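Dear colleague,

I am passing on the structure below, together with my notes on it.

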Amino acid sequence: NKAVTVNTLQALHAAREKITMLTCYDASFASLMDRCGVEILLIGDSLGMVCAGYTSTLPVTVNDIAYHTASVARGTKSAMIVADLPFGAYGTPETAYANAVQVMQAGAHMIKIEGGAWLADTVKFLTDRAIPVCAHLGLTPQSVHQLGGYKVQGKTTESADLLKTDCLKMQAAGASLVVLEAIPSALGKEVTELLSIPTIGIGAGPDCSGQVLVMHDLLGVFPGRKARFVKNFMDGQTSIDAAITAYVSAVKDGSFPALEHCF
Ligand code: KIV
Ligand code: NA
């Protein structure tokens, strides 16, 4: 398989082919997911919860992300590697740049940051300096204390309009990709139609350009409360390979997410 690049993502999007993304934290799973045809491996700061056992993503450091990114990179042949900048790592464009350089040097091809308009200057600063950016909007877990919990976002007209404006600003600033988390399906569809860059949904409905899940959720090994958007793809499968292949097929053929996974 050929290496997945930003051009591949744009081509898949133009062809209306769904893009598959999964979180990944180590070389063994990276190799397996790569073999199963997952296009994007995300070193999410969710590693703080699923690997380290914290109750939020806030304690995760740039060194944690860089360590796991290097592990994933060693196991990957074709997939694109996207790494989260963790909480506190992108308060200013300069800070974001220094931390993004660290995770790019660890093996990332793109970084992801959570937020909207306030990040426009940062997205421009990074993309001007050869660092592709994925913007994460909607439910942004690093903002849990400001949001007052892990809640569905964009339910009012005002917040939906704000989300759309934020997404347009991220695109205008140079973002290559947008992750939309926990928003009504109708809004996920509207944002996807509004933008020219692909959207990757997690609890954002079936009309996003692609989907992402946390690998532990997909494999049914996370002991916490199961979010509505989660599907355990191990159900009915006898191997992890088969579960990941089933996820890729379900995203590609549009059968995941189903109504029961949406808001
Ligand atoms: O950290 C993470 O796993 C994420 C995904 C849920 C998008 O940001
Ligand atoms: Na994250």
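This is a predicted model: local features need pLDDT of at least 70, side-chain atom pairs count only at pLDDT 80 or more; totals for chains, interfaces and linings use all residues.

The chain holds 11 helices and 8 strands, and its C-alpha atoms fill a box of roughly 45 × 40 × 40 Å along the principal axes. For 263 residues a compact globule would have a radius of gyration near 18 Å, and the 17 Å of this chain agrees with that. Buried residues make up 55% of the 263 residues, and, of the contacts with a separation of 6 or more, 63% are between residues 24 or more positions apart.

The sheet comes next. The 8 strands close into a barrel in the order β1-β2-β3-β4-β5-β6-β7-β8, with parallel pairing, and the twist from one strand to the next averages 25°. Helix α4 packs on this sheet, where it touches β2 and β3, and its direction makes about 170° with that of β3. Helix α11 (residues 240-252) also packs on the sheet, touching β1 (19-23) and β8, with its direction at about 140° to that of β1.

Glutamine 211, in strand β8, is itself buried, with a relative accessible area of 3%. Beyond its neighbours within four places in sequence, glutamine 211 is in contact with a set of residues that includes Ile19, Thr20 and Met21, Ile200, Gly201 and Ile202, and also Tyr247 and Val251.

Returning to helix α4 (residues 62-75), its 14 residues reach 20 Å from the first C-alpha to the last, close to the 20 Å expected at 1.5 Å a residue. Its buried residues are Val62, Ile65, Ala66, His68, Thr69, Ala70, Ser71, Val72 and Gly75, and what covers them includes α2 (27-35), β2, α3, β3 and α5 (93-105). In an α-helix there are 3.6 residues a turn, so residues three or four places apart point the same way.

Finally, which residues supply the protein donors of the sodium ion (ligand 2)? They are Asp45 and Asp84, each through OD, lying 2.3 Å from the ion. Aspartate 45 lies in the loop between β2 (40-43) and α3 (47-50), whereas aspartate 84 belongs to strand β3 (residues 80-84), so the pair ties together parts that are 39 residues apart in sequence. Aspartate 45 is buried, at 5% relative accessible area, and aspartate 84 counts as buried too, at 2% relative accessibility.

Technical notes:
Residues are numbered from 1 along each chain as its sequence is written. Chains are lettered from A and ligands numbered from 1 in the order in which they are written. Side-chain values use heavy atoms; hydrogens and water are left out. Donors are N, O and S atoms within 2.8 Å of the metal (3.2 Å for Na, K and Ca); water is not among the atoms, so sites may look incomplete. Helices (H or I, at least four residues) and strands (E, at least two) are DSSP runs, numbered from the N terminus. Buried means under 20% relative accessible area, exposed over 50%, partly exposed in between (1.4 Å probe, protein chains only). The expected span of a helix is 1.5 Å times one less than its number of residues. Contact means heavy atoms within 4.5 Å. Two strands pair if DSSP finds at least two bridges between them. Axes are lines fitted to C-alpha atoms, for helices over the stretch in contact, and angles run from 0 to 180 degrees between N-to-C directions. The radius of gyration is taken over C-alpha atoms; the globule rule is 2.2 Å times the number of residues to the power 0.38.
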